[in-house]
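This report covers strand order, helix packing and an aromatic pair. The sequence and structure come before the details.

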Amino acid sequence: MTDTLESREASTLPPVELREAAGAVAGTGRRGARWWSGVGLVLLIASLGALAWTPGPLVRPEGFTLVTDFLGAATTPSTDGAFLAVVGSAAVTTVAYAVLGTVVSVVLGFVGGILSSEVWWLEGRHGAARRRATAGWIAVRGTLVLPRAIHEVIWGLVFLSVLGLTPLVAVLAIGIPFGAVTAKVFSELLDESPRRPYRAALAAGTPRAIALLHTLLPVAWSDLLSYGFYRFECAIRSAAILGLIGAGGLGFQLALSLQTLNYREVWTVLYALIVLSAATDVWSSAVRRRRASGARPGNPVIRGSLVAALVLGLFSLWWVQLDLSVLVAADTWRLAGQIVTDAWPPTLDVPVFELVVAALITVAMSVLAIVLAVAGGAVLAFPAASTGAPTIGRRVRVVATRAVLIVLRALPPPVWALLFLFVMAPGLLPGAMALGVYTLGILGRLMAESVENLERRPQQALQAAGASGAAVSVYAVVPAVAPRFVAFGLYRWEVTIRETVVVGVVGAGGLGLLLNDQLTSFDYAASLTTLAVVVVLTALVDATSAGVRRSVR
Amino acid sequence: MRRVLAVIVLVLTAALTAACGGGAEPRELVISAIPDQDPQKLQRLYGALAERLTGTLGFPVRYVPLTDYAASVTAYRRGDLDMVFFGGLTGVQARQQVPGSVPLAQRDVDERFRSVFVATTASGIAPVADVAGLRSVGGRSLTFGSESSTSGRLMPQFFLDQAGVGPNAFRGPSGFSGSHDATIAVVTSGAYEVGALNSSVWDQRVAAGQVDTTKVREIFRTPTYHDYHWLARPDIDDELGAGATSRIRDALLGLRPSDPVDKNILDLFGAGSFIPTQPQNYDQVEQVGRSLGLVQ
């Protein structure tokens with residue numbers, strides 16, 4: 001394949017991180033769209049209806065003084081020398097966890113992606129062999145849902161009880177769920193790569209693995225790396241959340257300062273998180289923009305980034321003193337066995353009604369959160385997108401909007417939850433708001449990128465024909481971005497279901513609170529039941545969102 | 001490109017293998033604490049206690065900072081922590097998971113620990129004289145602190161139960177603010193009408209003028225119970241030599257407020273001194289935990 005052909009192909013494909021949202025599915029037509037919009041509307045109305053359950057007024061303006069206390073401290077963060085040193089070293093730890101977690105996730109995603117791809121199982125197989133292979137393919141894909149459905153914090157607690165107090169806990173708690181997501185994306189990349197060379201190699205009798213390594217991998221590989229850079233920014237946020245359960249790093253310092261509501265210290269940590277978020281955002285989008293515009297690996301930015309990533313990886317290994325021997329220690333296997341016997345069989349005589357109510361609360365909270373995030377993201381995506389001539393005013397607008405988005409996603413959901421609780425009645429609403437604004441920060445960025453990647457020609461044609469700005473938006477921009485925005489929202493919806501686990505503070509109930517209570521009393525069997533419900537819920541949401549995405553295509 | 005990747009893979013493999021080669025670990029005592037007083041101060045100045053104990057005991061003592069109760073019980077069960085300053089409930093849970101664990105010492109304040117119930121002035125809930133009076137918080141919204149907290153959840157829930165106010169007798173599900181200070185804040189904001197927390201944290205915040213007493217006031221102080229204590233794993237003597245456990249106990253009990261170094265440590269723990277304790281002191285906590293389903 002010539003360079004020009006490959007680069008043209010690269011530029012017509014959407015950027016790799018957008019693939020999480022855009023699975024390869026065929027359209028189901030207008031009737032499907034109507035049906036799914038109906039489902040969505042019913043869900044939204046039911047979730048809004050659930051708000052009515054909260055007794056008393058939903059918003060309490062008199063609590064606002066506490067929010068201003070918090071915001072006021074933003075101008076006077078703690079600058080105590082010793083504390084700054086602690087925060088500095090915690091920030092390095094957080095970065096190290098994120099780097100190593102990302103490395104694990106890319107490795108797992110690489111292997112898992114091949115093993116869960118259609119080309120690996122099905123291509124060139126016929127008859128009974130194909131049927132057997134289909135069963136294998138479905139089994140692997142199904143298995144990959146599990147790690148995704150379980151929140152990093154829960155993974156963290158599981159690994160903690162097996163591996164003990166080692167940095168490996170944080171690395172694996174990030175690497176495993178992220179690896180499953182990466183595997184899903186990478187398998188789709190492989191399946192979408194041109195298959196003719198692979199087919200030819202298989203037909204010539206080349207072993208499957210070798211054929212795949214030589215024909216498909218070279219095409220998909222650099223997309224995998226570029227996706228790794230995207231995941232890295234997510235990993236920073238995850239590493240911070242993990243700190244809350246005691247894995248160290250910025251999250252740990254944040255948890256300590258939050259415990260006594262020392263807002264000035266809280267802000268110092270938050271600023272550190274914001275700076276890290278912004279830096280990784282700038283770095284990873286620089287790499288991905290170069291990739292999307294078809295730059296070759298020889299490009300100085302990409303080459304430099306790979307070298308920097310390597311250095312960072314080695315530094316991280318040294319910084320956290322990762323000790324892998326614990327993985328093969330006899331004790332580890334005994335403890336892993338112990339946690340399995342503790343948790344198995346899962347409790348079955350649970351109050352079913354209570355579980356169903358909790359599941360409904362979780363769904364309602366996630367629906368409200370995601371609707372808020374998509375709506376807000378859609379509004380902020382346009383000012384955050386750097387399109388058109390780079391005037392100074394425009395640049396200021398882009399930077400300012402992006403800064404807002406970074407702050408929204410840099411503050412961990414538990415912090416948002418506490419703030420919203422100050423001014424809202426305990427229940428669904430503060431939880432939904434907390435998850436909503438956090439997700440808005442994430443979605444707004446992705447949406448801005450998809451606005452930037454928009455095909456310009458329809459707009460230019462309308463402008464050339466003398467259409468007004470409003471008309472251009474209505475006829476050329478909105479129809480083009482709306483399906484993508486919806487797809488992003490649906491993709492994040494699944495994630496939001498998991499995230500409800502970390503906003504227990506809002507007193508909304510739901511599966512998160514239930515799980516916390518069960519983990520607090522070390523009732524592993526009951527926790528397993530609750531987790532199973534979360535997994536089922538995630539699978540349902542996954543199926544629903546696949547259906548909706550198919551219909552909006 | 002391919003060459004760059006090959007180098008990356010090679011170097012990472014080498015680094016991982018190098019990181020694998022851990023030698024025999026020195027025998028040391030690993031301790032941790034999740035105290036109620038200024039946790040951030042203690043967790044950041046944790047060197048002090050470890051250094052002091054290392055000096056007295058003659059073997060290395062390492063302090064691991066943790067904030068999460070579940071994480072510390074889990075690490076204790078696994079044997080990663082040898083001795084932990086647990087709360088009443090978490091101590092019972094840990095003792096259950098590691099049978100034979102020894103409660104070594106408690107702070108002077110821990111043998112007569114109390115919780116307070118606070119309420120917004122706007123709620124109009126009047127101070128009550130006895131446990132039975134807590135009936136008046138039924139039907140109100142209420143928040144506890146952390147789920148595993150003895151003074152911020154377990155004992156308040158127990159006294160509420162005694163007053164006939166069950167876990168579902170509140171307006172909406174009861175909240176878990178996460179900490180004693182957060183409880184004060186969310187009650188002050190009016191998010192919850194009633195909150196339950198550690199009395200010494202409350203007293204300190206009121207004395208320091210950090211509580212808006214026009215918005216929130218104390219309505220009840222519970223009877224006393226036993227709370228925090230140092231719990232040691234039963235295998236310490238095997239690991240660190242016969243008599244190690246009692247030497248550690250003596251070292252803790254021997255911290256003197258008259259000595260400036262010791263005073264600093266005791267202050268970090270919010271203690272006048274450490275005093276002896278025994279397993280029976282936590283029978284009540286265990287019983288309550290069992291009745292509330294927090295102890296299996």
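## Five-stranded sheet of chain B

In chain B, five strands in the order β7-β6-β8-β5-β9 make up an open sheet with mixed pairing. Its edge strands, β7 (175–176) and β9 (216–221) of chain B, each pair on one side only. Helices (H or I, at least four residues) and strands (E, at least two) are DSSP runs, numbered from the N terminus, and two strands pair if DSSP finds at least two bridges between them. This is a predicted model, in which local features need pLDDT of at least 70 and side-chain atom pairs count only at pLDDT 80 or more, while totals for chains, interfaces and linings use all residues. Residues are numbered from 1 along each chain as its sequence is written, chains are lettered from A and ligands numbered from 1 in the order in which they are written, and side-chain values use heavy atoms, with hydrogens and water left out.

Strand β5 (residues 115–120) of chain B and strand β8 (residues 194–198) of chain B run antiparallel and are joined by five bridges. F117(B) has A196(B) in β8(B) as its bridge partner. Helix α7 (residues 180–188) of chain B packs on this sheet and touches β5, β6 (142–144), β8 and β9 of chain B; its direction makes about 160 degrees with that of β8(B). Helix α8 (residues 199–207) of chain B also packs on the sheet, touching β5, β8 and β9 of chain B, at about 100 degrees to the direction of β8(B). Contact means heavy atoms within 4.5 Å. Axes are lines fitted to C-alpha atoms, for helices over the stretch in contact, and angles run from 0 to 180 degrees between N-to-C directions.

## Six-stranded sheet of chain B

Another open sheet of chain B has six strands in the order β2-β1-β3-β10-β4-β11, again with mixed pairing. β2 (61–63) and β11 (274–276) of chain B stand at the edges with a single partner strand each, so one side of each has no neighbour in the sheet. Direction ignored, neighbouring strands of this sheet are turned by 25 degrees against each other on average.

Three bridges pair strand β1 (residues 29–33) of chain B with strand β3 (residues 83–86) of chain B in the parallel sense. A33(B) is opposite F85(B) in β3(B). Helix α3 (residues 47–57) of chain B packs on the sheet against β1, β2 and β10 (229–232) of chain B, its direction making about 170 degrees with that of β2(B). Helix α10 (residues 244–253) of chain B packs on the sheet too, touching β1, β3, β4 (102–107), β10 and β11 of chain B; its direction makes about 5 degrees with that of β4(B).

## Helix pair in chain A

The axes of helix α18 (residues 392–410) of chain A and helix α20 (residues 428–452) of chain A come within 6 Å and cross at roughly 145 degrees. From α18(A), R402(A), L405(A), L408(A) and R409(A) meet residues of α20(A) including V437(A), Y438(A), R445(A) and E452(A). By class, this contact has seven nonpolar, two polar and four charged residues. Ala, Val, Leu, Ile, Met, Phe, Trp, Tyr, Cys and Pro count as nonpolar, Asp, Glu, Lys and Arg as charged, and the others, Gly among them, as polar.

## Aromatic pair

Over all chains, the count comes to 26 aromatic pairs (rings of Phe, Tyr and Trp, the last by its six-membered ring, with centres within 6.5 Å; planes under 30 degrees apart count as stacked, over 60 as edge-to-face and the rest as tilted). The ring centres of F315(A) and W318(A) are 5.7 Å apart with the planes at 45 degrees, so this pair is tilted. Both residues, F315(A) and W318(A), lie in helix α14 (residues 300–320) of chain A, three residues apart, about one turn of the helix.
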